[in-house]
Amino acid sequence: MRIDIITVSPDLIKSPFEHSIIKRAIDKGLVEVHFHDLRTYALNKYGKIDDYQFGGGAGMVLMIEPIHTCISALQAQRAYDEILYMTPDAKTLNQRTANTLSMAKNIIVLTGHYKGVDQRVRDKFVTQEISIGDYVLSGGELAAAIVCDAVIRLIPGVLGDETSALTDSFQDNLLSPPVYTRPSEYDGMKVPEILLSGNFPKIDEWRAEKALEHTKNRRPDLLED
Ligand code: 6GU
């Protein structure tokens with residue numbers, strides 16, 4: 001997979017790609033991530049990429065031309081499956097979306113800033129808009145990093161244990177059951193007996209029960225989905 005991230009703050013978004021599982025995926029060649037500073041495509045030598053909004057109101061809007069130039073330059077080199085735009089006024093990211101995106105070959109991720117981008121960018125170039133939750137961040141960069149993390153870890157070969165993504169929370173619309181490690185007793189707190197029993201069918205059953213109980217208590221909305 002190849003991901004091209006268009007941003008006004010490349011430095012803000014780079015670090016999540018330089019650690020742990022995502023870094024390893026890049027090192028293994030399972031994913032390529034490229035950052036494009038929107039200012040490189042600015043209209044003039046002062047780096048102009050935004051302007052006041054028509055009709056008045058606070059906040060700057062990213063202009064269509066630099067974004068169009070950047071997207072066109074990328075599209076001249078390869079076809080893209082999706083052009084994502086990160087914005088709080090969109091459908092919220094979920095595991096199903098991450099699963100689908102993990103099967104793409106080439107993706108562009110456009111991150112907004114200030115008041116966002118000119119609506120014509122969204123109408124004409126963007127194929128999918130994604131929010132990461134019902135709260136507002138100062139820019140789309142951190143949200144883009146989150147989407148990329150959720151997607152990259154699902155690419156086959158990225159996680160060492162192939163089954164491990166399948167047992168994640170949300171993969172079957174259930175939250176994960178609790179996990180324990182040594183010691184089996186700490187300060188009077190005991191690990192549930194069943195987990196020490198070696199009876200794996202029973203353990204699976206216990207985990208399924210706990211996952212359901214957990215979901216009912218914390219996220220009943222997932223069960224209606
Ligand atoms: Cl994608 N962008 C911004 N600026 N805020 C958000 C968001 C995105 N998702 C949730 N809040």
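Domain bounds here come from an automatic or database domain assignment.

**View 1. Two domains of the predicted model.** Domain 1 covers residues 2-152 and domain 2 covers residues 169-223. Taken over C-alpha atoms, the centres of domain 1 and domain 2 are 37 Å apart.

**View 2. The aromatic pair Phe17 and Phe35.** One aromatic pair is found in a search of the whole structure. Phe17 counts as buried because its relative accessibility is 6%, under the 20% limit. Phe35, with a relative accessible area of 25%, is partly exposed.

**View 3. Surroundings of Phe17.** Leaving aside residues up to four places away in sequence, Phe17 touches Ile5, Ile22, Lys23, Ile26, Val33, Phe35, Ala145, Cys148 and Ile152.

**View 4. The largest nonpolar core.** This core has 31 residues, and those with the most contacts inside it are Ile5, Phe17, Met86, Val109, Val147 and Ile152. At least two core residues are supplied by each of β1 (2-7), α2, β5 (82-92), α4 (95-101), β6 (106-111) and α6 (141-152). Helix α6 gives the largest share, eight residues.

**View 5. A second, separate core.** This core has 19 residues, among them Ile6, Leu38, Ile67 and Phe125.

Methods
Residues numbered from 1 in each chain as written. Predicted model: local features only at pLDDT ≥ 70, side-chain atom pairs only at ≥ 80, totals over all residues. Heavy atoms only, no water. Phe/Tyr/Trp six-rings, centres within 6.5 Å; stacked < 30°, edge-to-face > 60°. Buried < 20%, exposed > 50% of the residue type's maximum accessible area, 1.4 Å probe, protein only. Core = buried A, V, L, I, M, F, W, Y, C linked by side-chain atoms within 4.5 Å. Helix = DSSP H or I, 4+ residues; strand = E, 2+ residues; numbered from the N terminus. Contact = heavy atoms within 4.5 Å.
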